[in-house]
Amino acid sequence: MLPGGAKIGRWQPVISGRHAFDSAARNAEPGLAVNALCGVEVSTDELQRIAPEIAWIREDTCMACWQVLASLQ
Ligand SMILES: [Zn+2]
């Protein structure tokens with residue numbers, strides 16, 4: 001668990017890769033578009049679903065999100 005992880009948010013595999021999202025994005029209303037830490041736009045419907053196990057394996061980690069998180073440490 002990252003320090004401050006609750007504020008930063010968590011990783012989620014979506015169609016365009018495994019991105020990190022802050023808690024505001026994760027808690028946004030259904031049907032909206034929100035941004036990952038790297039700026040990629042994702043629908044909340046996709047963000048808030050329960051990702052299948054295979055998606056965690058299949059999707060590549062977004063290095064831009066990773067660098068944002070690393071810079072916050
Ligand atoms: Zn990203």
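**Zinc site, core and salt bridge in a predicted model**

The zinc ion is coordinated at 2.0 to 2.4 Å by His19 (ND1), Cys38 (SG), Cys62 (SG) and Cys65 (SG), donors being N, O and S atoms within 2.8 Å of the metal (3.2 Å for Na, K and Ca), with water not among the atoms, so sites may look incomplete. This is a predicted model, in which local features need pLDDT of at least 70 and side-chain atom pairs count only at pLDDT 80 or more, while totals for chains, interfaces and linings use all residues. Residues are numbered from 1 along each chain as its sequence is written, and side-chain values use heavy atoms, with hydrogens and water left out.

**Zinc site**

- The angles subtended by the four donor atoms around the zinc ion are 103 to 121°, which makes the arrangement tetrahedral (for four donors, all angles between 85 and 135 degrees).
- The donor residues follow the sequence spacing H-x18-C-x23-C-x2-C.
- Distant parts of the chain are linked by the pair His19, in strand β2 (residues 17-21), and Cys62, in the loop between α4 (53-58) and α5 (63-71), 43 residues apart; helices (H or I, at least four residues) and strands (E, at least two) are DSSP runs, numbered from the N terminus.

- His19 counts as buried because its relative accessibility is 3%; buried means under 20% relative accessible area, exposed over 50%, and partly exposed in between (1.4 Å probe, protein chains only).
- Cys62 is buried as well.
- The side chains of His19 and Ser16 make a polar contact (3.3 Å), a term for a pair of N or O atoms within 3.5 Å where, within protein, one must be able to donate a hydrogen and the other to accept it, and where residues adjacent in sequence count only if both atoms are side-chain atoms.
- Not counting residues up to four places away in sequence, His19 touches residues including Trp11, Val14, Ala36 and Val40, contact meaning heavy atoms within 4.5 Å.

**Nonpolar core**

- The largest nonpolar core has 13 residues, of which Phe21, Ala25, Val34, Val42, Leu47 and Cys65 touch the most other members; such a core is a set of buried Ala, Val, Leu, Ile, Met, Phe, Trp, Tyr and Cys residues joined through side-chain atoms within 4.5 Å.
- At least two residues of this core come from each of β2 and α5.
- Val42 is in contact with Val14, Phe21, Leu32, Ala33, Val34 and Leu47, leaving aside neighbours within four places in sequence.

**Salt bridge**

- The structure holds one salt bridge (a side-chain nitrogen of Lys or Arg within 4 Å of a carboxyl oxygen of Asp or Glu).
- This salt bridge joins the side chains of Arg58 and Glu59 (3.7 Å, N to O).
- Arg58 counts as exposed at 53% relative accessibility, whereas Glu59 is buried, with a relative accessible area of 14%.

Conventions:
Tetrahedral: all angles 85-135°; square planar, octahedral: opposite > 155°, others 65-115°.
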